[in-house]
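The following note was prepared for a colleague who wishes to check selected features of a structure. Please read each point with the coordinates open.

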Amino acid sequence: MNKKKTVEHGKYGIYFSIPFFVIFAIFQLYPLILTFYNSLIYTEKHGRNTVDTFGFGNFSHYIFGADGGGEIWKALFITIVLWLLNFIPQILLSLLLAAWFTDLKYKLKGNGIYKVIMYMPNIITAATIAVLFYALFEGRGPITTLFRDLGLVGKGGFLDKGWASLIIIAFIQFWMWYGNTMIVLCAGILGINPAIYEAAMVDGASSRQQFFQITVPLLKPILQYTLVTSAIGGLQMFDIPQLFNDGGPVVKFGEGTVKSTTTVIMLVKQYANPGATQNFGRAAAYSVILFFATLAISLIFYKATQEKTSDGR
C-alpha cells in the first residue's frame, strides 16, 4: 500500500526568510553589538602612546564628566528640538489632509493628483534639497536679498542666526516628509470600515465628531507606527544639517558655545572619522546614549497609543 507523501509548506517560508536574517545579522546586529563593545573601550593618551581600558571610562569622562564639555547633551537637545519643530506640524497637517482626502461627504475630485504632488518632495534626495535651500538663504541668495532689501535681515543674513537655521532645517524635514506621513495615514483611514462612518452620518454626527470619535481612536495602531518611526528617523538626523550649514552657526548655549544645528549623529561622525579628533570609544558612547534616548521616546509613544481592553488593561 503506497503512502501519500505530505508536503510541509511551512519550511519553505523558513528558507525564504534566511537571507533576511543573514543580512540583518551582518549589517545591523553585528554593528550594534560592536558599537556597544567599542563604547566600553576607553582610550587614554600618554605622550605618543595610547592605552585602552575596558570599562565605563567613555561614559564617566565624556558624557557624565567634564572632559566632554556637555557637548553630547547640547547636541541631544538640539536634535530633539529639530525633530519636534518638524514633526508636530507634520503630524497635524498630515492628519488634517488625510481626513480631508478620505472624507465620504466631500469626495474631493482629483485627490490622487494632490497626493502625488504632496509626496513629490520625499522623492527628491536630501542632498539636493539641502543645497537648494542653502542657495536660497545664503548671504547672496534671493530670499536673503529680498528680506535684506526690506530691512528685515542684517548683513549676515539668515545663516548667521542659530534660530533661523533651526527653523529652516526643521521646515525642510517637514516639507520632505509630511506627504509620506499623509499617505500612510490615508491608508489607515481607508482601512476603517465605511459602515461605521455611514452609521455616524445617519445619527447626525458632524465631520469633526467623526474625526475625533471614530478616525483618531481607530487610527491608533497607524499613529503608533508613525510616531515611533518618526522618532527613530528624526533623532538620527544627519544629512540635512550637515549639508545645509555644516551644523552651524556657533551660538551661546548656557555658559559655553555650541554649533546651533549640530546633531548627535554629526558628533558621532566627527569622532569616528580619521583625523585629530578620532576616538571610536567616544563616538560609540554617544551612539549608545542616542540609542537609549530613542528607545525611551519610542516606548513613551508606544504606551500613549496602546490599545486598551474592555477591562481597562
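1. Basis. This is a predicted model, in which local features need pLDDT of at least 70 and side-chain atom pairs count only at pLDDT 80 or more, while totals for chains, interfaces and linings use all residues. Residues are numbered from 1 along each chain as its sequence is written, and side-chain values use heavy atoms, with hydrogens and water left out. Helices (H or I, at least four residues) and strands (E, at least two) are DSSP runs, numbered from the N terminus.

2. Nonpolar patch. Phe20, Phe21, Phe24, Leu29, Leu32, Ile33, Phe291, Phe292, Leu295 and Leu299 make a nonpolar surface patch of about 940 Å². Two or more residues come from each of α1 (10-38) and α13 (280-304). Helix α1 gives the largest share, six residues, and Ile33 lies in this helix. Patch residues have over 30% relative accessible area and no salt bridge, with nonpolar side chains (Val, Leu, Ile, Met, Phe, Trp, Tyr) joined within 5 Å; areas come from the Shrake-Rupley method with a 1.4 Å probe, and for residues only the protein chains shown count as cover.

3. Glu71 belongs to helix α3 (residues 71-101) and Arg282 to helix α13, so the pair ties together parts that are 211 residues apart in sequence.

4. Helices α9 and α10. The axes of α9 (residues 207-218) and α10 (residues 220-235) come within 5 Å and cross at roughly 60 degrees. The two helices are therefore oblique to each other (angles under 35 degrees count as roughly parallel, over 145 as roughly antiparallel, 65 to 115 as roughly perpendicular and the rest as oblique). Axes are lines fitted to C-alpha atoms, for helices over the stretch in contact, and angles run from 0 to 180 degrees between N-to-C directions. Val216, Pro217 and Leu218 in α9 meet Lys220, Pro221 and Leu223 in α10, where contact means heavy atoms within 4.5 Å.

5. Loop between α11 and β3. Pro249 lies in the loop between α11 (239-245) and β3 (250-253), and the peptide bond from Gly248 to Pro249 is cis, with omega near 0 degrees. Asp246 is found in the loop between α11 and β3; phi of Asp246 is near 55 degrees, a positive value in a residue other than glycine.

How values were computed: Patch = residues over 30% accessible without salt bridge, like charges linked within 9 Å, V, L, I, M, F, W, Y side chains within 5 Å. Salt bridge = Lys/Arg side-chain N within 4 Å of Asp/Glu carboxyl O.
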